[in-house]
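Okay, thanks for coming, everyone. Let me put the structure up and then walk you through a few spots.

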Amino acid sequence: MLAKNGVKTRPLSIHRKQLFFLKDYKNSSRYNMTVTTFDFGMIGLGVMGRNLLLNFADNGVAAAGYDTRPEACAALEANATAGTMVKGFTNLPAMVAALSSPKLVMLLVPAGQPVDDVLATLSPLLQPGDVIIDGGNSHFSDTTRRSKMLAPTGIHFVGMGVSGGEEGARRGPAMMPGGDLQAWQTLKPLLERIAAKAYDAPCVAHMGSHAAGHYVKMVHNGIEYAIMQIITEIYDVLKRGYGMNNSTQHQLFAEWNTGRLQSYLVEITADILATPNPDGMGYLVDFILDKAGSKGTGKWTSQTAMDLGVPIPNIDIAVSMRQMSAFKTMRVEAAALFAPTAPPPTADAEMAKTQAEQALYAATIIAYAQGLHLLQVASKDLDMQIPMANVVKIWRGGCIIRSLLLNTIYPLFEQKPQLQNMLLEPVIATVVQQCLPGLKAVVKTGIDSGIALPALQAALAYVQALSTHTLPINLLQAQRDYFGAHTFERVDKPGTFHHPWTQD
Ligand code: 6PG
């Protein structure tokens with residue numbers, strides 16, 4: 001078999017027979033003998049790496065893990081399900097030597113330099129035809145660079161997004177591999193086993209060429225940031241705008257999670273709002289400092305959207321609000337200077353709940369629409385051939401943004417793979433339209449009560465701007481032409497024009 005560059009590679013096919021053998025093997029009397037051949041290797045036995053590797057093992061894969069820390073190897077083996085084949089190594093060449101060929105090695109190490117460091121040590125230990133999978137949240141441009149770097153070696157490199165947190169990693173994540181199609185064919189049967197299942201389908205699929213896997217995961221995270229910010233604003237307006245306590249909000253979120261808003265993020269919000277403070281009275285959520293961290297994927301989504309010229313204001317504002325939260329001292333100082341929050345308006349509780357539900361639903365739809373629009377443009381402009389329907393399909397389970405709503409969105413992209421903006425689909429437009437009164441009412445409450453609701457406002461403004469036939473950009477174009485002779489087009493005749501404004 002020849003790789004693109006003419007380098008000889010080994011055939012890529014996982015030995016199914018061997019896997020079935022391993023499945024039977026764990027029940028056999030030979031199980032306690034030393035195993036020298038493993039099907040899959042993991043580098044980095046932090047909580048994600050460990051849990052994902054244990055998930056492989058739970059599915060009949062002989063699993064080897066490498067970490068420099070002996071305690072991480074011990075934790076791996078201690079947490080293995082009885083009867084599965086799992087071994088920790090503190091010596092990388094030893095682990096690689098113990099893998100069957102083609103050797104499949106996944107990295108779950110922090111994004112950035114650590115990935116390059118591991119690749120430098122790992123690649124000389126591998127042969128053409130072996131596969132390296134980077135399962136971390138790497139920047140897509142790093143994935144492109146690493147793929148190019150490894151191509152001449154004949155080692156296949158797969159950038160793969162993994163979502164679902166530690167529980168998902170162990171019980172079934174959503175996975176977004178991209179790039180090398182040959183490697184995907186090898187990995188497919190293994191990944192389909194360990195993936196979450198939604199509507200009986202595994203939540204893993206090939207996400208397109210080059211760094212598409214990491215690109216799709218990055219946009220997933222951008223949408224994750226947006227929906228999280230939207231939920232926090234709903235929580236805030238219910239709390240300070242409508243005077244609703246944690247217990248009532250817990251019930252409300254739990255109830256929403258049984259209807260059209262059913263989703264992982266709504267579900268965990270309900271749980272969080274009922275969690276007592278372990279150190280005394282009250283609820284834990286009220287004792288958590290309001291300063292958010294981030295690892296960069298939301299910011300990267302905004303950066304690439306700016307580069308590609310796609311408006312994703314809900315993701316942008318979610319990133320900005322995390323940044324705003326970090327300026328705690330500045331905010332406390334400003335709070336003393338500016339007028340205090342107005343008292344909450346007297347609102348009918350049932351009405352408030354209905355409005356909040358509509359606002360949350362509409363804003364969530366708009367957040368998905370923006371993220372998917374970005375993916376559609378990136379697919380073309382960055383030549384990634386992203387299968388949009390499959391993206392939505394695999395996000396329906398296992399990942400952080402999984403929701404019932406995605407099951408409504410999925411057929412839209414199945415029917416129209418080139419769909420740019422799902423808000424233009426009548427089935428979505430109708431629902432958003434129906435929810436707009438609630439979204440507007442909630443935004444008004446925020447304004448009247450002095451509560452910042454930038455994501456809800458951005459969602460409202462986005463749909464309003466999108467549905468405005470003539471934006472005031474005619475004036476902006478005139479300004480550009482006035483001071484910079486940037487020219488403009490006219491609505492009444494073709495061509496490009498400049499007007500000598502100051503002579504008038
Ligand atoms: C997931 C998550 C996961 C994690 C990110 C974002 O899909 O399982 O997106 O990848 O949450 O690291 O974390 P930050 O909020 O710290 O940027």
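Let's start with F89, which counts as buried at 10% relative accessibility; buried means under 20% relative accessible area, exposed over 50%, and partly exposed in between, with a 1.4 Å probe and protein chains only. Before I go on, the ground rules: this is a predicted model, where local features need pLDDT of at least 70, side-chain atom pairs count only at pLDDT 80 or more, and totals for chains, interfaces and linings use all residues. Residues are numbered from 1 along each chain as its sequence is written, and side-chain values use heavy atoms, with hydrogens and water left out.

So, which ring pairs with F89? That's F38: the ring centres are 6.0 Å apart and the planes sit at 85°, so we call the pair edge-to-face. For the terms, Phe, Tyr and Trp rings (for Trp, the six-membered one) pair if their centres lie within 6.5 Å; planes under 30 degrees apart are stacked, over 60 edge-to-face, and the rest tilted. F38 is buried too, at 2% relative accessibility. F38 is in the loop between helix 1 (16–25) and strand 1 (40–43), while F89 is in strand 3 (residues 86–89), so the pair ties together parts 51 residues apart in sequence. Helices (H or I, at least four residues) and strands (E, at least two) are DSSP runs, by the way, numbered from the N terminus.

In total the structure holds 7 aromatic pairs. Another one is F253 with W256, centres 5.0 Å apart and planes at 70°, so that's edge-to-face as well. Those two are 3 residues apart in helix 10 (residues 246–256), which is about one helical turn. F253 is buried at 0% relative accessible area, and W256 is buried at 6%. There's also one aromatic cluster made of Y482, F488, F497 and W501.

On to polar contacts, meaning pairs of N or O atoms within 3.5 Å. An N or O atom in the S163 side chain is 2.4 Å from a ligand oxygen. For Y225, a polar side-chain atom lies 2.5 Å from an oxygen of the ligand. The protein covers 81% of the 410 Å² of accessible area that the ligand has on its own, by Shrake-Rupley with a 1.4 Å probe.

Last, the backbone. Most residues other than glycine have a negative phi, and most peptide bonds are trans. Where's the cis bond? From S101 to P102, with omega near -5°, and P102 is in the loop between helix 4 (92–97) and strand 4 (104–107). H210 has a positive phi near 55°; H210 sits in the loop between strand 9 (201–202) and helix 9 and is partly exposed at 44%. A485, not a glycine either, has a positive phi of about 50°; A485 is in the segment after helix 20.

Key:
A polar contact is a pair of N or O atoms within 3.5 Å; within protein, one must be able to donate a hydrogen and the other to accept it, and residues adjacent in sequence count only if both atoms are side-chain atoms.
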